[in-house]
Structures are given as C-alpha cells and as structure tokens.
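Hello,

Here is the structure I promised to pass on to you. Please have a look at it first, and then read my notes below.

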Amino acid sequence: MRACVLTATGGIQHLHITDVPDAPAPKAGEVRVAIRAAALNHLDLFVTEGLPGGAKQLPHIVGADGAGVVETIGSDVVNVRPGDRVMFNPGISDYTCEFCQAGEHSLCVNYRLLGEHLSGTVAELVTVPAHNVVRVPPVSPELTWAEAAAFSLVTLTAWRMLVTRAQLKRGETALIWGIGGGVSLTALRIAKLLDARVIATSSDDAKLAAAKQLGADVTLNHRTQHVAQEVRALTNKRGVDVVVENVGAATWDDSLRCLRRGGRLVTCGATSGPQVSLDLRRLFWHHWSLLGSTMGNAAEYAEIVRRLGKGELRPIVDRVYPMAQARQAFERLSKGEQLGKVVVEVPTGRP
Ligand SMILES: [Zn+2]
C-alpha cells in the first residue's frame with residue numbers, strides 16, 4: 001500500500017510517500033479501514049522531530065486522525081460492517097487496566113496513539129480495534145471525507161478539557177490562546193455551545209476576524225497587545241474563570257496573570273516548550289486548579305459523535321492536499337498558517 005512514512009527523525013524533510021507492506025489483516029475485535037482522508041495534528045510534527053515515546057521503528061507511518069471505508073472486519077466485530085463510512089478515535093486503550101475499567105480510557109496504562117506509538121493513518125489502509133471506530137453520522141450536508149478525518153482528535157481533546165476537566169459553565173469567561181490551532185478553534189466552538197464568553201488570542205488579525213465570526217466575544221492580538229493587561233481590564237481586574245492552554249512556556253505566566261481567584265487552567269500541550277515556573281504561594285492563595293488533560297474516554301467520544309450528528313461541532317477544514325503532497329501539508333502546519341485542520345486525501349485505489 002502507499003503511505004506517508006518517516007524514514008528518520010529530525011524533521012519533515014524525512015517524510016516520503018512510498019510503498020510499504022499492507023496494514024495487517026484484522027484479528028478478532030479489529031477492523032481494517034481503507035483510508036480516504038487523514039487529518040494532521042501538531043502531534044505529527046512532534047513525531048517527525050522525534051518524540052521520546054514515539055516512532056520506535058523506522059520507517060514509520062504518520063498520522064493520528066482519519067476516516068474511510070471499512071474494508072475487512074475480524075471475528076467478534078458487531079459495531080461496523082464492510083462498506084461502512086467510518087472515522088475513529090485515535091487513542092488506543094487496552095480496555096483491561098484499572099483506569100479503562102473505570103471508564104477512563106485516555107488514562108490507560110497502555111495508552112497509545114495512532115501515528116505516534118502505532119502505525120498511522122496517512123496510508124491506504126489502517127488496522128484498528130473495532131471499539132475505536134464509529135460510523136460517520138448522517139448530517140446535512142453530508143460530511144466530506146476531509147471533515148470526517150478532521151473531527152476526532154481535536155474535538156475529543158477540547159471537549160474533555162472544557163466540559164470534563166475545567167467544567168466551563170454558562171456565563172463564565174474562558175481565555176483561549178492561539179485560535180488558529182485545531183484544539184483552540186474547537187475549544188472556542190465548544191465554549192460557545194456552553195454559552196460561555198470567550199476571549200480568543202492570535203498573532204494574526206485574519207484569524208481573529210474568523211474567531212469573531214465563530215462567536216468569540218473579544219479578540220486580542222497577542223503579538224501587538226499585552227494579553228494579561230487587556231484581560232484584567234476587560235474583567236475589571238477579576239480575571240477569567242478558565243484559561244485554555246496548549247502553548248506552554250511562552251504563555252504560562254500570562255495565563256496565570258489572567259486567572260481569577262478560584263479559577264481553572266486546563267492544558268493539553270506545550271508547543272512553545274514544556275518547562276514553566278510556578279509560585280506555589282500564588283497557587284494556594286488564589287485556590288487555583290491547574291488541570292492536565294489529553295484526548296478523552298469512550299463516553300466522551302460517543303458524546304462528541306452524538307453532537308456531530310445533531311449538526312454541532314462540524315469540523316473546520318483549512319486546506320486539503322493530495323497524499324503525493326503530504327509534505328507540503330506538514331509545512332503549512334509547521335508554519336502555523338492554518339485556520340482549522342490541514343487534511344491529506346488518500347487516493348481511492350482501494351474498495
Ligand atoms: Zn487500560
């Protein structure tokens with residue numbers, strides 16, 4: 001099969017489109033999907049650079065998100081059939097450990113992600129556990145393959161961050177950094193579904209204009225404006241109820257300056273660097289909650305798919321590239337030019 005593989009770590013120049021052995025035939029409880037589109041995430045850039053836990057074996061097929069047609073099913077698979085249009089939750093859990101049994105699949109002690117620890121989705125075929133796969137819900141107009149591929153990772157991540165972890169409520173105010181990124185953009189839309197106020201930042205005025213269109217109440221250009229000062233002025237020195245972080249080192253201090261007494265900061269990433277400082281006296285004096293979050297559990301995934309079926313949270317696709325130009329797609333992501341998801345379409349040489 002054709003696939004986009006990483007032949008060495010150190011950057012996207014090591015990505016190549018080449019022939020590799022087909023994804024394995026599905027075992028019991030697994031399905032093999034003929035991929036039609038794969039969406040990129042910042043995670044994929046980290047994998048190309050060489051993540052500590054990632055890509056042990058090279059060449060490695062990249063990509064976490066995808067959608068396609070069920071090609072073959074293993075025994076004991078009842079939720080989908082060959083020919084079904086599906087998308088999948090990219091987080092693979094063992095369904096046996098203490099945390100899985102408690103329903104917290106993204107806390108699984110053997111948690112692995114497609115395209116990071118496992119072979120990825122920018123390929124003609126991928127084999128995954130059947131319980132990670134769902135039918136693309138019927139909505140009008142029908143979801144394109146690019147939209148279906150773009151949905152899962154960022155929506156699951158942002159949903160768990162805002163709804164489960166930060167428990168953002170109607171009427172509260174959330175500060176969301178870097179609105180062009182997939183998680184931030186989805187967080188904005190979820191916050192508006194929850195009837196919260198949103199202050200969104202970007203370094204790009206065009207992205208801020210788009211954020212306004214999507215319901216952001218206030219937008220700040222974090223390159224030309226001092227976010228913490230603006231937020232304190234906007235909230236009468238009170239600060240926001242929730243800060244949504246995935247930037248890390250570059251924004252951390254300002255995130256804390258923006259947080260009200262008793263506020264919650266939720267983070268799922270550290271794109272500018274993972275090391276930050278914290279004055280513990282401010283943490284306990286202000287009763288802050290600092291919340292980590294990554295991906296989400298099966299119930300959360302079912303809920304976001306249900307919402308998608310109701311017409312909510314339809315993914316925003318920035319640009320679609322043919323698989324032959326996958327490296328250009330990665331370049332766009334690495335430059336942070338996108339608004340929404342960058343997607344790679346896989347040729348339909350397969351059924
Ligand atoms: Zn587990």
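On a 1 Å grid over the protein atoms alone, a cavity is a set of points where a 1.4 Å probe fits but cannot get out, while a pocket is an open set with protein on both sides within 12 Å along at least five of seven lines; lining residues have an atom within 4 Å of a point. Grid points are joined across faces, edges and corners, and a volume is the space filled by probe spheres set on the points.

Before going further, please note that this is a predicted model, in which local features need pLDDT of at least 70 and side-chain atom pairs count only at pLDDT 80 or more, while totals for chains, interfaces and linings use all residues. Residues are numbered from 1 along each chain as its sequence is written, and side-chain values use heavy atoms, with hydrogens and water left out.

The largest cavity has a volume of about 90 Å³. Among the residues that line it are Ala150, Val154, Leu185, Arg189 and Lys341. α4 contributes the most to this lining, with four residues; helices (H or I, at least four residues) and strands (E, at least two) are DSSP runs, numbered from the N terminus. By type, the lining of the largest cavity has six nonpolar, four polar and two charged residues. Here Ala, Val, Leu, Ile, Met, Phe, Trp, Tyr, Cys and Pro count as nonpolar, Asp, Glu, Lys and Arg as charged, and the others, Gly among them, as polar.

Now to the pockets. The largest pocket has a volume of about 1,100 Å³. It is lined by 43 residues, and His42, Leu43, Phe46, Asn246 and Thr271 lie nearest its centre. At least two lining residues each come from α1 (42–49), α3 (145–165), α4 (182–193), α10 (326–334) and β18 (341–345). The lining of the largest pocket divides into 17 nonpolar, 21 polar and five charged residues.

The second largest pocket holds about 580 Å³ of space. Of its 28 lining residues, Pro24, Leu118, Ser119, Gly120 and Thr127 are the closest to its centre. β9 provides the largest share of this lining, five residues. The lining of the second largest pocket is made up of 17 nonpolar, six polar and five charged residues.

**The zinc site**

Which residues hold the zinc ion? The protein donors are Asp94 (OD), Cys97 (SG), Cys100 (SG) and Cys108 (SG), at 2.1 to 2.3 Å from the ion. Donors are N, O and S atoms within 2.8 Å of the metal (3.2 Å for Na, K and Ca); water is not among the atoms, so sites may look incomplete. Along the chain, the donors follow the spacing D-x2-C-x2-C-x7-C. The arrangement is tetrahedral because the four donor atoms subtend angles of 94 to 123° around the zinc ion, where four donors count as tetrahedral if all angles lie between 85 and 135 degrees.

**Backbone details**

Most residues other than glycine have a negative phi, and most peptide bonds are trans. Tyr95 is not a glycine, yet has a positive phi of about 60°. The peptide bond from Leu58 to Pro59 is cis, with omega near 0°, and Pro59 sits in the loop between α1 and β4. The bond from Ser140 to Pro141 is also cis, with omega near -5°.

Best wishes

Note on methods
Four donors count as tetrahedral if all angles lie between 85 and 135 degrees; four count as square planar and six as octahedral if opposite donors are over 155 degrees apart and all others between 65 and 115; anything else is irregular.
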